[in-house]
Amino acid sequence: MSETVKVVVDAMGGDNAPAEPVKAAAAAVEERSDIEVILTGNKDVIEKELEKYTSAPKERIHIVPTTEVIETAEPPVMAIRKKKDSSIVVGLNMVKKQEADAFVSSGSSGAVLVGGQVIVGRSKGVERPPLAPLIPTAEGVSLLVDCGANVDARPSHLVQFAKMGSIYMEHIVGIKNPRVAIVNNGAEEEKGNALVKETFPLLKACKGINFIGSIEARDIPSGYADVIVCEAFVGNVILKLYEGLAATLMSKIKGGMMKNTRSKMGALLIKPALKETLKEFDTTKHGGAPLLGLKGLVVKTHGSASSVEIKNAIFQCVDFKQQQINEKIAEHINEGD
């Protein structure tokens, strides 16, 4: 029998808390027997939500009461220091003390990022932990690293992002010798800003990765690379444009299908195939973005995350734990320089 993985879920974080995090917890333990979920937050509120899920095995759902909530607009560093009994801080401390294997939150991104580094702590040798979401492509998925944690990264940070991303893609996604590319404004080696120009030769010389050169933003959706390396400002712009464009296209397609009787008839014919195709571009099925390079696992989901995204983030934590990604990163981060 596989080892049970304990995942803390911030029940008070995000636009849809506590309903969606609690629903996700109930669904996760009902679908898999190798998971225990610990919900941090207001006990009375959580218990009331849990009453809705009569079929869920409640013996594998635990509540750790907290009295404070870190709001999105609060300065992250100050919030982490002052709100010691918040659902985020309590959850992160449980990972630090090894009372849980992972922490998932849809709450304040800044607080989760700061708390992950300050409370859980970086693995030995890791300079800057990056946020690394999987994004859908024509070939499956690619890892975008970094998408929000380090807006002022140095070349040595980007090299580590490439190494950590390669480990993740090989052991979680199952891609052997994943292709690594750096985001650039052209394919030529001499192109790019100062950061890219300085980082390119370092990645080229790094023996521990399969570096294939530059990647332009237009080539990302085609699946040209498996690991896409950039600093957080660029990564966040790519991610948000990706999500916004997908939503706009969906809206336009639906609008076009409903335009007149003829288009509605056509829509009925293509609906099954279209639905199946669009499933491949559903980002919620991949869970959240792990903060790579910490001593424990911290996963950030969208602030508007549904129970499906949070549930898949919980499943993501199980794979991460079973594949010992943190240990592999700690072991290999300084190799191949």
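Guide: Leu241 is placed in helix α8, residues 232–257; helices are DSSP runs of H or I with at least four residues, strands are runs of E with at least two, and both are numbered from the N terminus. This is a predicted model, where local features need pLDDT of at least 70, side-chain atom pairs count only at pLDDT 80 or more, and totals for chains, interfaces and linings use all residues. Residues are numbered from 1 along each chain as its sequence is written, and side-chain values use heavy atoms, with hydrogens and water left out.

Visitor: Why is Leu241 called exposed?

Guide: Buried means under 20% relative accessible area, exposed over 50%, and partly exposed in between, with a 1.4 Å probe and protein chains only. Leu241 has a relative accessible area of 59%, so Leu241 is exposed. Together with Leu245, Leu249 and Ile253, Leu241 makes a nonpolar surface patch of about 380 Å².

Visitor: What makes Glu31 and Lys311 a salt bridge?

Guide: The term requires a side-chain nitrogen of Lys or Arg within 4 Å of a carboxyl oxygen of Asp or Glu. In Glu31 and Lys311 the closest N and O atoms are 2.8 Å apart, and the pair forms a salt bridge. Glu31 is in helix α1 and Lys311 in helix α10, 280 residues apart, which links distant parts of the chain. Lys311 has a relative accessible area of 15% and is therefore buried.

Visitor: Why are α1 and α10 called oblique?

Guide: Helix α1 (residues 19–31) and helix α10 (residues 307–322) pack at about 50°, their axes 8 Å apart. Angles under 35 degrees count as roughly parallel, over 145 as roughly antiparallel, 65 to 115 as roughly perpendicular, and the rest as oblique. That makes α1 oblique to α10.

Visitor: What about α6 and α11, and why are they oblique to each other?

Guide: The axes of helix α6 (residues 155–173) and helix α11 (residues 325–332) cross at roughly 140° and come within 10 Å. α6 and α11 are therefore oblique to each other.

Visitor: How do you know that Arg179 and Asp226 form a salt bridge?

Guide: Their closest N and O atoms are 3.0 Å apart. Arg179 is in strand β7 (residues 179–183), and Asp226 is in the loop between β8 (210–215) and β9 (227–229), 47 residues apart. Arg179 counts as partly exposed because its relative accessibility is 29%, whereas Asp226, at 8%, counts as buried.

Visitor: How many salt bridges does a search of the whole structure find?

Guide: The search finds 12.

Notes:
Patch = residues over 30% accessible without salt bridge, like charges linked within 9 Å, V, L, I, M, F, W, Y side chains within 5 Å. Areas by Shrake-Rupley, 256 points an atom, 1.4 Å probe, with all protein chains shown as cover. Axes fitted to C-alpha atoms, helices over the stretch in contact; angles between N-to-C directions.
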